[in-house]
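Hi,

Here is the model I promised to pass on. Have a look at it first, and my notes come after.

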Amino acid sequence: MATSDPHWRADFPVNWEDDHYVTRREFTTFLTLISGALFLGTGLVGLRERWRRRRAPHPAAMRIAQVHEIAIGGVKLFHYPTPDDPCLLLRLSTDHFVAYSQKCTHLSCPVVYRVREQQLHCPCHEGHFAVETGQVLAGPPRRVLPRILLALKGEDIWATGVEV
Amino acid sequence: MAVHNSHPTNHNAQRDTVLSLVTAFVVALLLVQLWLLAGAVEGAMGGEGAIILPATFASGLCFIGAWRLWFMLQRRL
């Protein structure tokens with residue numbers, strides 16, 4: 001022990017090197033605990049998802065546009081089911097309307113409608129989605145765009161639900 | 001003089017090898033569980049809840065495997 005050490009070190013001599021040494025058994029114990037935590041985490045994800053689906057009410061229907069508002073090949077932005085959920089209503093032909101969530105399924109950038117290519121395009125990371133189905137055509141997104149279910153009541157277009 | 005297999009040096013070397021192998025197996029199981037957790041979260045976010053239960057079951061099997069290996073380590077080695 002160095003002469004400059006405080007006096008209490010003589011009373012409590014701890015070999016810090018040995019104290020910090022981790023044996024393989026201790027390391028494997030730690031890994032096993034991590035394994036248990038990962039198993040619990042996976043189970044919690046399932047429980048949380050089940051609980052969320054039970055609690056989430058079916059979104060109420062909402063009138064989003066009238067037929068004459070949108071030209072063929074046109075697009076209208078609306079929010080459904082909450083004000084924090086931007087969506088796009090597209091008119092593909094005279095009586096063919098589709099609507100999707102505007103949040104890209106990659107990292108939630110807003111997608112834009114490209115009429116010429118008939119695609120929904122995410123400019124952030126070059127994701128491409130099919131207009132007819134919302135399926136991923138190219139790019140980093142892995143999940144389809146959530147589709148907004150529509151109902152036509154006379155001249156009114158109603159959003160009636162979300163299909164993930 | 002021939003060195004018997006029960007020579008302390010050989011026994012320690014064998015035990016060290018088995019210890020290392022068991023640790024490597026547990027690490028491999030952990031990586032699989034990480035992958036399963038990532039898949040479960042991805043499925044939950046994407047509305048594909050059907051994969052969460054199989055992922056949880058597989059993760060449970062991995063945990064049981066890791067626990068058995070750990071138990072063997074504590075008892076026998």
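Predicted model: local features only at pLDDT ≥ 70, side-chain atom pairs only at ≥ 80, totals over all residues.

Residues are numbered from 1 along each chain as its sequence is written, with chains lettered from A and ligands numbered from 1 in the order in which they are written.

Chain B has two helices and zero strands (DSSP runs numbered from the N terminus: H or I of at least four residues for helices, E of at least two for strands). Of its 77 residues, 21% are buried, where buried is 20 or more other C-beta atoms within 10 Å of a residue's own, the C-beta atoms being placed from the backbone. Among contacts in chain B with a separation of 6 or more, 50% are between residues 24 or more positions apart; a contact is two C-beta atoms, placed from the backbone, within 7 Å.

Now for where the chains meet. Chain B puts 30 residues into the contact and chain A 20 residues. On the chain B side, α1 (8-45) and α2 (52-76) each supply at least two residues, and α1(B) has the largest share, with 14 residues. That side of chain B has 21 nonpolar, nine polar and no charged residues (nonpolar: Ala, Val, Leu, Ile, Met, Phe, Trp, Tyr, Cys and Pro; charged: Asp, Glu, Lys and Arg; polar: the others, Gly among them).

The axes of α3 (residues 24-55) of chain A and α2(B) come within 9 Å and cross at roughly 160° (axes are lines fitted to C-alpha atoms over the stretch in contact, with angles from 0 to 180 degrees between N-to-C directions). That makes α3(A) roughly antiparallel to α2(B), the term for angles over 145 degrees. By class, their contact has 13 nonpolar, twelve polar and two charged residues.

Finally, the cores. A nonpolar core is a set of buried Ala, Val, Leu, Ile, Met, Phe, Trp, Tyr and Cys residues joined through C-beta atoms within 7 Å. The largest one has 19 residues, and A:C87, A:L89, A:A99 and A:Y100 have the most contacts inside it. β3 (86-93), β4 (96-101), β6 (119-122) and β10 (156-163) of chain A give two or more residues each, with the largest share, four residues, from β3(A). Apart from that core lies another of 15 residues, including A:L38, B:L29, B:L36 and B:A66.

Cheers

Note on methods
Parallel < 35°, antiparallel > 145°, perpendicular 65-115°, else oblique. Buried ≥ 20, exposed ≤ 12 C-beta atoms within 10 Å, placed from the backbone.
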